[in-house]
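Me: I have a structure open with its sequence beside it, and I would like to go through it step by step. Could you answer my questions carefully and end each answer on the value or name I ask for?

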Amino acid sequence: MLSRYPIKRNALLPLLHLAQQENGGWLSEESIKYVAEICEVSETHVEGVISFYTMYKLKKPGKYHLQICTCVPCCLVGGEELLEHTESKLGIHAGSTGDDGMFSIEEMECIGACSFAPAIIVNEDYHEKVNPESMDQLITDLRNTP
Amino acid sequence: MIEETLVLFQNIRNPSYDKSLKGYKKVGGFKALKKALKMKPEELVEVVKASGLRGRGGAGFPTGLKWSFMAKNTGKPSYLICNADESEPGTCKDRELMLKDPHHFLEGMMIGCYAINCKHGYIYVRGEYFPSIKSLNEAIDELYAAGLLGENALGKGKRLDLTVHTGAGAYICGEESALLDSLEGKRGHPRVKPPFPAVSGFNACPTTVNNVETLTCLPFIVNEGAEAFKDFGPENNAGTHLVSLSGHVEKPGVYEVRMDVTLKQIIYDLGGGIRGGKALKGVIPGGASSPVLTAKEIDVEYSFDALGKAGTMMGSAAVMVFDEDTDVVKLLHRITRFFNHESCGQCTPCREGTHWARLIVQDFLKGNGNERKMKRLHRVGGNMMGTTVCALGDAAAMPITSFVTKFPEEFEKYYTQAAA
Amino acid sequence: MPSFELDGKTVEFEPGEKILSAAMRAGIQIPHYCYHPGMSVVATCRMCMVDVIDMGNGRPAPKLQTSCSMDAVEGMKVETMNEKVKDAKELVMEYLLINHPLDCPICDQSGECVLQDYSFEFGSGKSEMEYSKRVYGWRDIGTFVALERNRCIHCTRCDRFTREITGTNEFGMFNRGHELTVDTYSDRPMTNQFQGNMADICPVGAITEKEFRFKRRVWKLKKTPSICVGCSTGCNVTIEYDKNEVFRLKPRDNPDVNKWWMCDQGRLTYKDLNIRENRVAHPLGKTAEGFQEISWENAFSAIQEKISELQPTSNEVIGLVDTHASNEELYLFKKLLKEGFDSDQLFFPDVEWEQPVSDFFINSLITSDKNPNRAGARMLGLKGAKSSEEVTSKIPTGTKVLLVFGKPFEDENLLSQAGNISLVINIAAWQSGWSETADVTLPGRLHSEKDATYTNKAGRVQRVNTAIRAFHKTRPDWMVLCGLMELLDVDNKADSAEAVFQELSENEKGFQGLQWESIGSDGINAAQFDEDPGRNEVSELSKTA
């Protein structure tokens, strides 16, 4: 990946994504040190970058990370209600992980599926036109997935 | 009763379309690139200028003109960066192109690279767009395998590479200079301009940043000519436009229209009108940063110029419709919350202003509103116009001032009963 | 030179210069926070906005422009005081103050805080913010400085400092939007040697020096320009003191010496200026019962008596001087030996020293030569001795008189050998092995207590000015040397440090044509400065955290 950029530092964001993927969905101090070394930047710089963007996580998320959009178009068609419903169903608030480590919830700003709202992302998959009932079904399906 | 005008979506609307390289070539794909390669880059720039193509990312800046600003003979490589950050609330058009017709877009990108002498183009896709990233990477792999990218891609000895670069969750990275900083591996802080990207952009080299849809228009312009493109739509607003329609309509979706249709026609003809037979209260016509229009104001031509004259803007062509049951103050709160969350924080008016404005609207929702606070909200929000490093300050200011001005009665509902 | 018009005044600018920089050079103040002449332009505080009513092409700028980022153009017309600009300044002040805590009563920056000043000048005078301010905790960010994040106004000067000036990348910006904060990485305090500068450049009291915290209100401090004598760079400083106690040293701008910076070790030398215990407070005479305080008259008469008794010849008189002595003192000492005793046996410690060379200018400030005037000693032609052993070998057995200025070559062997010399005189501000060996010790003064000049490692002659009142029984060192010369009937008309310097510049090649007045507060280059063979340039690699 480094070879696709003129300066090593340019590859920082994709490399952090890769490190996060390989580390189970979050970035440990070792990952940060390692990426800083190969991109030839300081750890302070990497920390600054991580804290700026929302997608880099410093804590392990649930097996299924539910990213629920509540931005303007989704909000108009029930995005916030969907979030509340999911929070009460799973017993956890947005920004935290369930004790069994199965699910974590994150409230998202616009995820770019506005005409197909309400929309959520589960790990890397989009689910569109979601309502509380289909949400319940989805959670059940995910629980039953081996 | 208007219908879609299919140019960009021609393949997507075909249910049996095969989006692979083979499928794209079957419907005439990559003829435009071949034709473009026979022209000189300068000629290509002139054709695009003549076509009147304007940027589809939100600013509507003439693309050919932007290309002509590229600094020449600097000894440094030139770059074309495609802005696929698409984070403006309400916008979901670029993803349709990347997901369902990636080669069409990539051909446009390659034409653009040729026009500005770019040897390595980057496509900055927002990190959350996992399906689009996958789709693009697969398509790019196909192109390399077929020899359309890599060595001799643009002719003998003329190499072209494309790389998909993922963002990581920041709306501000859709702003061109913040995008460049993010692409360089830094925090996405917009830069002071001048110097402009055309002189000093990616790694201090001459750079142009274009939107996905803008680049996807290029194959048509090259194949059919500048005049044919101009024919779609009114003077100075050439070509078709992808509109992301969402909110309280029967048929939300992404539609391709000429720019001489009206907003009303988009909502009622294409969108099927307000769902549940309700009445319309208002429309946000161009993404969350555009001033809102009331139900009485929707009979406006949906073009850059007409919308500008009507006191709003085309922006990213994201039409968000809300009906009579909508709580406008809650809607504004969600918008201010969005800008508060996405402000990069470097300059004073936006960092403090977006936060303060959101606190004031929140105060209204708690039932503590009064006229003094209305005025304050208008002032705090409005003061962000023209005083910030980048346009996010303006973008945050406009919805606040427009909502407060056009829906005062909604705010009055939240006035506290006690004396102000 | 090209020029533009600012508020009706003509301002000249260098090609490529920004409006703000040109205005500041012309002495016009445009308020700003994030701009710093030593660092890159970010234009994020938005305080320096001006109205460019003519961009140089007859057309006005579409909106207010930040003067720190806009290039000056010939024929431009700029206004900084009209209604639009005033409103813009007021609104930036309002935005900054909604989250800035009202800490003025307990904040060290109070009195030298531009937020306070601009608030007074441009603020609206009342706050309309009714909600809670954001709150962070106090942070210990380094050995020398502390961080009060609540007060931060996000000018990002500190972030740019560790990135561009020291290259140590210990400090950075974190989070986004209104949660934006500056901090060190992961609770790792900074270790660079220039942290005090971050407190200087912070426009508010977010970064403060731990040494100075809560000690004195800045408006009580008197300020005298001087130089730091901690090493041979001679960074230009201001001695800040109240009631004869020095509270801190702050760097002065000097593009030819230290730019805007000084090191933390240098800052800590302020403590030395307050020490009283180890000072020589009055003339001392060695008697059988130990050291006794004697009067100046007695001291001089005792010395005169002894010299007439000894009748030393020219090779029986040796002088030793350290390189803390000023140019005037070195010159007079040389004259005393030459014209009083016909001796040119005057030695100073001539050890090799290291000058760091680095990509980052600031690393070149700290040299290993912790004395301010080695260059002065060399320029005046004094003899260097590389070690105490070498000096010892140059002192013949029959030496009768040893004059020691300061505390050079403080070596046990040499000191015990000096015990055999009939007359040892020490002129010094500090007690040392020499003051314990000398028959007569005459008190001198610290650089903060006198007017003097020093020559730095690059041959720049710089002045220090009297700030602190010395012990009242001491005299300026030049006066002490003149007193000794009088005893020996040496012709001497000098009656002030300035007069000594005048004589020095007339007689010494290296100082030809230099005037006391022209040295001013910025210093002046010596007329002739030869390469220092003892100077070793060592490369200082930049550290990345």
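Me: How many residue pairs are in polar contact between chain A and chain B, with both at pLDDT 80 or more?
Reply: This is a predicted model, and side-chain atom pairs are counted only at pLDDT 80 or more. With both residues at that level, the number of residue pairs in polar contact between chain A and chain B is 26.

Me: Which element of chain A gives the largest share of the side that touches chain B?
Reply: Four elements of chain A each supply at least two residues to this side, namely α1 (12–22), α3 (43–52), α4 (72–76) and β2 (103–108). The largest share is 5 residues, and the element that supplies them is α3(A).

Me: By class, how many nonpolar, polar and charged residues does the side of chain A that touches chain B have?
Reply: The contact between these chains takes 43 residues from chain A and 63 residues from chain B. Sorted by class, the side that belongs to chain A has 25 nonpolar, 10 polar and 8 charged residues.

Me: Which residues of chain A lose the most area to chain B?
Reply: Chain A and chain B bury about 4000 Å² between them, and 59% of this area is on carbon and sulfur atoms. On the side of chain A, three residues together make up 18% of what is buried there, and the residues that lose the most area are A:R4, A:F52 and A:L76.

Me: Which side chain of chain A meets B:R337 in a salt bridge?
Reply: The count between chain A and chain B is 5 salt bridges. In the salt bridge that B:R337 makes, the distance from N to O is 2.6 Å, and the partner side chain is that of A:E107.

Me: Is B:N203 buried or exposed, and which residues of chain A is B:N203 in contact with?
Reply: B:N203 lies in the loop between α8 (176–183) and β4 (207–211) of chain B. Its relative accessible area is 16%, and because buried means under 20%, B:N203 counts as buried. Leaving aside neighbours within four places in sequence, B:N203 is in contact with B:E184 and, from chain A, with A:P6, A:I7, A:R9 and A:N10.

Me: Why can chain B be called as compact as a globular protein of its length?
Reply: Chain B has 18 helices and 9 strands. For its 420 residues the globule rule gives 22 Å, and chain B is as compact as a globular protein of that length because its radius of gyration is close to this, at 22 Å.

Me: What share of the contacts in chain B with a separation of 6 or more comes from residues 24 or more positions apart?
Reply: The C-alpha trace of chain B spans about 80 × 50 × 35 Å along its principal axes, and buried residues make up 66% of the chain. Of the contacts with a separation of 6 or more, the share from residues 24 or more positions apart is 70%.

Me: Is B:S316 buried or exposed?
Reply: B:S316 is found in the loop between α13 (304–309) and β9 (318–323) of chain B. Not counting residues up to four places away in sequence, B:S316 touches several residues, including B:G57, B:E88, B:K93 and B:G286. The relative accessible area of B:S316 is 5%, and the limit for buried is under 20%, so B:S316 is buried.

Me: Which element gives the largest share of the side of chain B that touches chain C?
Reply: The contact takes 34 residues from chain B and 28 residues from chain C. The elements that give two or more residues to the side of chain B are α14 (328–342), α15 (348–368) and α16 (371–382). The largest share is 10 residues, and these come from α15(B).

Me: Which residue of chain B forms a salt bridge with C:E94?
Reply: Between chain B and chain C the count is 6 salt bridges. In the one that C:E94 forms, the closest N and O atoms are 2.7 Å apart, and the partner is B:R379.

Me: How far apart in space are C:A429 and C:P476, C-alpha to C-alpha?
Reply: C:A429 has its place in the loop between β21 (423–428) and α12 (433–437) of chain C. In sequence C:A429 and C:P476 are 47 residues apart, while in space the distance from C-alpha to C-alpha is 9.9 Å.

Technical notes:
Residues are numbered from 1 along each chain as its sequence is written. Chains are lettered from A and ligands numbered from 1 in the order in which they are written. Side-chain values use heavy atoms; hydrogens and water are left out. Contact means heavy atoms within 4.5 Å. Buried area is the accessible area (1.4 Å probe) that two parts lose on being put together, summed over both. A salt bridge is a side-chain nitrogen of Lys or Arg within 4 Å of a carboxyl oxygen of Asp or Glu. A polar contact is a pair of N or O atoms within 3.5 Å; within protein, one must be able to donate a hydrogen and the other to accept it, and residues adjacent in sequence count only if both atoms are side-chain atoms. Ala, Val, Leu, Ile, Met, Phe, Trp, Tyr, Cys and Pro count as nonpolar, Asp, Glu, Lys and Arg as charged, and the others, Gly among them, as polar. The radius of gyration is taken over C-alpha atoms; the globule rule is 2.2 Å times the number of residues to the power 0.38. Buried means under 20% relative accessible area, exposed over 50%, partly exposed in between (1.4 Å probe, protein chains only).
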